[in-house]
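This report describes selected helices and a sheet of a single structure. Please consult the sequence and the model shown here while reading.

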Amino acid sequence: MSRTALRICPLCEATCGLTLTIDGTRVTGARGDRDDVFSKGFICPKGASFGAVDGDPDRLRTPLVRRDGELREATWEEAFDAVAAGIRPVVERYGPHSVGVVLGNPNVHTVAGALYPPVLLAALGTRSLFTASTLDQMPKHVSSGLLYGDANAIPVPDLDHTDHLLLIGANPLESNGSLCTAPDFPGKLKALKARGGTLTVVDPRRTRTARLADRHIAVRPGADALLLAAMAHVLLEEDLADLKDLAPHVEGLPELRDAVRDFAPEAVAAACDVDAAVIRTLARELAAAPTAAVYGRIGSCTVPHGTLASWLVDVLNILTGNLDRPGGALFPQAATDRTPRPAGPGRGFALGRWHSRVAGHPEAKGELPISALAEEIDTATDEGEPVRALVCVAANPVLSAPDGDRLDKALGSLDFMVSVDPYLNETSRHADVVLPPPPPAQSPHHDFAFNTLAVRNQVRYTRPAVPLEPGRMAETEILARLILAVTDWGLPCSSEDENSGKHGADPAAVDAMVIEQSLGKAAKDPHSPVHGRDPRDLAARLTGVDGPERRLDMMLRLGPYGDGFGARPDGLSLEKLLAHPHGIDLGPLRPRLPQPLRTRSGRIELLPAPIAGDLPRLRAARQASPAALVLVGRRHLRSNNSWMHNVPALTGGSNRCTVHIHPDDAGRLGIADGAPVRVKGAGGEVTAPAEVTADVRPGVVSLPHGWGHDRPGTRLAHAATDPGVNVNQLLDGSLLDPLSGNAVLNGVPVELAPVG
C-alpha cells in the first residue's frame, strides 16, 4: 500500500517542499507540497524526478576498501579501520597540513554536510581546505566580508516587492536561483513584470531569463565589473546617488567617488561592447525606480574581476539607497543564525592569513583555491610538505576544477584518500576508502545554509521519509565516525582494544562534545538568552531522536527566533517545528542595519583597501584587446553540476553537451550545425557537437559544466552512454581572481575548428 511523506527537496537552492509517494520503501512519485509555507506547491523537473534520483541503481550501498589495488566491498568497521590506518600516520609523520580536505557543492544540501565538516577541520587542524566555493561564489563572500565585516552577510534581492530588478550573470529560470533562495523564481519575475516592474538582464547569452526581460544587454564576457563601475560613475557624476537611511552607516563615499572617476561610460563602452548611452540609461533608471535591486551571480563571479564585480553590485544598491530596504536588497535572518548581538564594531574580515605552498595564493574565508589542489599534491617545494592524504566529501573536482587531467594524475599519487560519496565517480574512483551515504529519502533535511540566503524568513524540517535500509549508515553517523577515525580527540574509547583508535568511540560523542562546547560559550555570553545558566541543565532539556536533532534544537532555541530554553515561551524549538510539518513562516525580510555589520569601524566600509588595490587592474582592462572567441558556461534546469547525469529522466532533449556558437562565427569558421567541433584552450582541447544559435553573441561560445563521464573505473552506467566532454579541461588553472582565488571559468580565450 502506498503512503505519502513530506520532504524538502535537496537537489538545488530553491529548497522546495515535496510530497513524496512511497510504496513500501521505494519513492514512486513526487509533487509540490501546496501547504509548504515557502514554496507553496512549486516544483521543477529535478524535484519531480526525486524518486529516480533516490533510487538510482548505481548508488553504492556498502563501503568500498582498496585491496591489492582494487576497490572491494567491505564492512563499515573495516572501512573506518582503513581510514584510521591511512590518515593518522600521514598526520603524525608530516603534520596536519599534509592532509587536504575537499568539500563539494552537495555538502550545503544536507544536514550532515552542514554540521560535521567544521568539526572535522577543527579536529584535523589543517589549513589545506579546498571547496567548490572557489569555483562559484567566493568573490561574493570576499566582497561581503570587506564591505560588512562578515563573509556570510550576503544581501538578497527582495523579489516580491521590488520595482526594478537588474540581473547580471544570472539565469534563475534555469538555475532556480543561487545565493538567493527563492522557490518559483520564474513566477516571481513574472509577478514583478505583472505589477509594472522592470526586469533588465545583463548576459552574453540570450538565456530563458533574458527572453523574459524588458531589456537584455549582451555584454562582452568578463566586462561585468567595467559596466558596473561605469554605472557607479554615472550615479556619482550626475548627482543621482541618494543613500537615504543608509547614510549614517556608510563611510568612504568621497574615496569611492575618486576611485570610479576613470570609469566613465565612454571609457569602458568599447571593452564592454555596450554603448555609453545605454550604460547611462541603466544607471539613471536604477536611480529613478521607487525601489530597485541589483543581483549578480555566477557569470559575474567566475571572471577575472569577480570580487570587484560582486563589490560593485552592492555599491550600486548602496548608492541608490536600496540596501537594507524593502524592495531593495536585504539581509535574511535564518532561524539557526547565532543569537543577534548589539550593533557595534567587530573584528572585521581579513584576507591572506596564510598562503598556498606552491603558488602563494592567499587564503580567503579559510580556503585555498581548488584550482591549486593538483599542484599542492604533485609539486615539491621548500615551503612545507605537499598534500599527501585527502578527505573528499561530496566532491568531484576531476570534473569541476580546471585541468582535471592533471588532478586525475595527482590523486593517483596520494598516500591515502577517502571519499564520502554515493557514487564511484571520476574522483572517488581514486579513493582507498569510499563511504556511501544513503539516498535523500532516508535522510533528514534542514537548510542551514540556504535559509541564510532566502527571500523570505521561514524555517522547515523534515525527518527521513523512509527508514534506513539494513546495512546502510546515516550520513551524520558516517561523518561523525570519520572525525573519530582521522583525529585523536580525547573522547572515551568503547573498544576493548585501546590501540584500535578513537574511532571505536560512540559517534554520539561528537555531537555531545559540540553541544557541551556551544552551550558553555552561550552561558558565558552576556548577550545570550541563557547567560549564567548551567550548560548541563540546558543540554538535558534538548529534544530529538539523535545527536543531529539535538544540535538543531539547540541552534533553534539559541537563535534569533528561539525560545531561549524557556526565556521566550513563544519562541522556536525543535518540538514546535515538528508540530508544523509544512514549516513556519517568519515573515518578509526586514531592515537589519547596523546589527549585521562586523567591520572594525562598525559601518559599511565602501572602499576597503584590498578593493582599492585591485582597481588599477580593472582600469587596465579598459584598453585590453578582446580575444576573437571566448568561452562561457551554461546551466540547465534539469542538471546540477555533475550530480544528475546518471538519471535518465534528467538527461537528453535540450540537456546536452553541445558547443553553442553564433551563426556568424560558424559561417566564418566553416562549422555546420550538429557537426563535431574541436575547442582548444590553455589546458587542453575537447571535441563536441556544434549547436549553431543566435542565443550567444558573436565572439562567444558556450559549453555546459559537469560533463565528461568517460573515465575508466567509474560506475555511472547511464552517464557513460552520453558522457559529453569536460569543459574545465580547456583551463590550465592559472587564471584566478586574485582577491578571492576563484577560478576564471568565463571569458576565457579559446580556438575553434571543425573536425575532419
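## Helix α22

In this predicted model, helix α22 spans residues 547-558. Its twelve residues reach 17 Å from the first C-alpha to the last, close to the 16 Å expected at 1.5 Å a residue. At the start of α22, a side-chain oxygen of Asp-546 comes to within 3.0 Å of the backbone nitrogen of Glu-549.

Helix α22 is mostly covered, with ten of its twelve residues buried. Among them are Gly-547, Pro-548, Leu-552, Met-554 and Leu-558, as well as the residues Glu-549, Arg-551 and Asp-553. The buried residues of α22 pack against several elements, including β18 (456-459), α19 (475-486) and α20 (508-524).

## Helix α24

In helix α24 (residues 609-620), the residues Ile-611, Asp-614, Leu-615, Leu-618 and Arg-619 are buried. They lie on the same side of α24 because they cover an arc of only 165 degrees around the axis. The face turned away from this buried side carries the exposed residues Ala-609 and Gly-613. The packing partners of the buried residues are α6 (138-148), α10 (224-237), α11 (253-259) and α15 (306-319).

## The four-stranded sheet

Four strands form an open sheet in the order β11-β10-β9-β13, with parallel pairing. Its edge strands, β11 (215-217) and β13 (293-296), each pair on one side only. Neighbouring strands are turned by 15 degrees against each other on average, direction ignored.

Strands β9 (residues 164-168) and β10 (residues 198-202) are joined by five bridges; Leu-167 has Val-201 in β10 as its bridge partner. Helix α8 (residues 185-194) packs on the sheet, touching β9, β10 and β13. Helix α13 (residues 276-288) also packs on the sheet, and its direction makes about 130 degrees with that of β11.

Terms used: Residues are numbered from 1 along each chain as its sequence is written. This is a predicted model: local features need pLDDT of at least 70, side-chain atom pairs count only at pLDDT 80 or more; totals for chains, interfaces and linings use all residues. Side-chain values use heavy atoms; hydrogens and water are left out. Helices (H or I, at least four residues) and strands (E, at least two) are DSSP runs, numbered from the N terminus. The expected span of a helix is 1.5 Å times one less than its number of residues. Buried means under 20% relative accessible area, exposed over 50%, partly exposed in between (1.4 Å probe, protein chains only). Contact means heavy atoms within 4.5 Å. A polar contact is a pair of N or O atoms within 3.5 Å; within protein, one must be able to donate a hydrogen and the other to accept it, and residues adjacent in sequence count only if both atoms are side-chain atoms. The arc is that of the directions from the helix axis to the C-beta atoms. Two strands pair if DSSP finds at least two bridges between them. Axes are lines fitted to C-alpha atoms, for helices over the stretch in contact, and angles run from 0 to 180 degrees between N-to-C directions.
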